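Dear colleague,

Please find below the structure that I am handing over to you, together with its sequence. My notes on it follow directly after.

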Amino acid sequence: MLLRLDDEDRQVAFGACLGRALEGHGRVHLTGELGAGKTTLTRGILRAYGHVGAVKSPTYTLVEPYALDGVLVHHFDLYRLGDPEELEFIGGRDLLAEDALCVIEWPERGEGWLPAPDLEVRLRLAEEGREATLAARSAHGRAVLERLMAMPELAGRLTDSEGDAAR
């Protein structure tokens, strides 16, 4: 599934839609080059659960927990991870096992240690905006994509892999 995000506001708005579709749990892997908007999308996801204010990428702490409106969100940024085993030392296994929503930037840095995602979101720079490509990797991920396709605010903006409207 492909979605064009023309500006930062649309990226945050899509993140909020994604947050609602995730229903407060699962594992989301966010990939893309520096500046592609992984943290901006995470800000939108957090807004779906009532977070207001800035969202900084936890580049040095590796994870930032948010307890919001009965939902626990763990925002991981693995950019500076030297070795995937470092996740063990910060309690990563416990954090990922909780019934929480785990949003993981730079998941490729934790390859071989991280469990499989429910949803992969690849962001890329596209003209003045971004493109998001979404791929489900579990039953929960497929349900998330179905809920996204049913959202009126995304009508006409989602396309399938062949470029056709997803509805």
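A residue is called buried under 20% relative accessible area, exposed over 50%, and partly exposed in between. By that rule R10, with a relative accessible area of 36%, is partly exposed. Please bear in mind throughout that this is a predicted model.

Salt bridges

R10 meets D6 through their side chains in a salt bridge, at 3.0 Å from N to O. D6 has 35% relative accessibility, so D6 also counts as partly exposed. In general, side chains of opposite charge can pair when their charged atoms come close.

The structure holds nine salt bridges. One of them joins E88 to R93, with the closest N and O atoms 2.6 Å apart. Both partners are partly exposed: E88 has a relative accessible area of 35%, and R93 has one of 45%. Another salt bridge brings together the side chains of E120 and R137, at 3.0 Å from N to O. Because E120 lies in strand β6 and R137 in the loop between β7 and α5, this pair ties together parts that are 17 residues apart in sequence. E120 is partly exposed at 28% relative accessibility, and R137 is partly exposed at 47%.

The sheet

Eight strands form an open sheet with mixed pairing, in the order β3-β4-β5-β2-β6-β7-β1-β8. Its edge strands are β3 (63-68) and β8 (158-159), each of which pairs on one side only. Strands of a sheet pair through backbone hydrogen bonds, either parallel or antiparallel.

Within this sheet, β4 (residues 71-77) and β5 (residues 101-105) run parallel and are joined by five bridges. Here H74 has C102 in β5 as its bridge partner. β2 and β6 also pair in the parallel sense, over four bridges, and L30 has V121 in β6 as its bridge partner. By contrast, β6 and β7 pair in the antiparallel sense over eight bridges, with L119 standing opposite A136 in β7. These two strands form a hairpin with two residues between them, and E127 in the turn has a positive phi of about 50°.

Is E131 buried or exposed? With a relative accessible area of 18%, E131 is buried, since the limit is under 20%. Leaving aside its neighbours within four places in sequence, E131 is in contact with L2, L3, R4, R122, L123, R124 and A126.

Helices and cores

Helix α1 (residues 8-22) lies across β1 (2-5), β2 (26-31), β5, β6 (119-126) and β7 (129-136), and runs at about 140° to β1. Helix α5 (residues 139-149) packs on the sheet as well, touching β2, β6, β7 and β8, and its direction makes about 135° with that of β7.

The largest nonpolar core has 33 residues, and F14, L18, V121, L134 and L148 have the most contacts inside it. Helix α1 gives the most to this core, with five residues. Not counting residues up to four places away in sequence, L18 touches L41, I45, L119, V121, V144 and L148. Another core lies apart from it and has 13 residues, among them L78, L81, L87 and L114.

Cysteines

The structure holds zero disulfides. C17 is buried, with a relative accessible area of 3%, and C102 is buried at 0%.

With kind regards

How values were computed: Residues are numbered from 1 along each chain as its sequence is written. This is a predicted model: local features need pLDDT of at least 70, side-chain atom pairs count only at pLDDT 80 or more; totals for chains, interfaces and linings use all residues. Side-chain values use heavy atoms; hydrogens and water are left out. Two strands pair if DSSP finds at least two bridges between them. Contact means heavy atoms within 4.5 Å. Axes are lines fitted to C-alpha atoms, for helices over the stretch in contact, and angles run from 0 to 180 degrees between N-to-C directions. A disulfide is a pair of cysteine sulfur atoms within 2.5 Å. Buried means under 20% relative accessible area, exposed over 50%, partly exposed in between (1.4 Å probe, protein chains only). A nonpolar core is a set of buried Ala, Val, Leu, Ile, Met, Phe, Trp, Tyr and Cys residues joined through side-chain atoms within 4.5 Å. A salt bridge is a side-chain nitrogen of Lys or Arg within 4 Å of a carboxyl oxygen of Asp or Glu.
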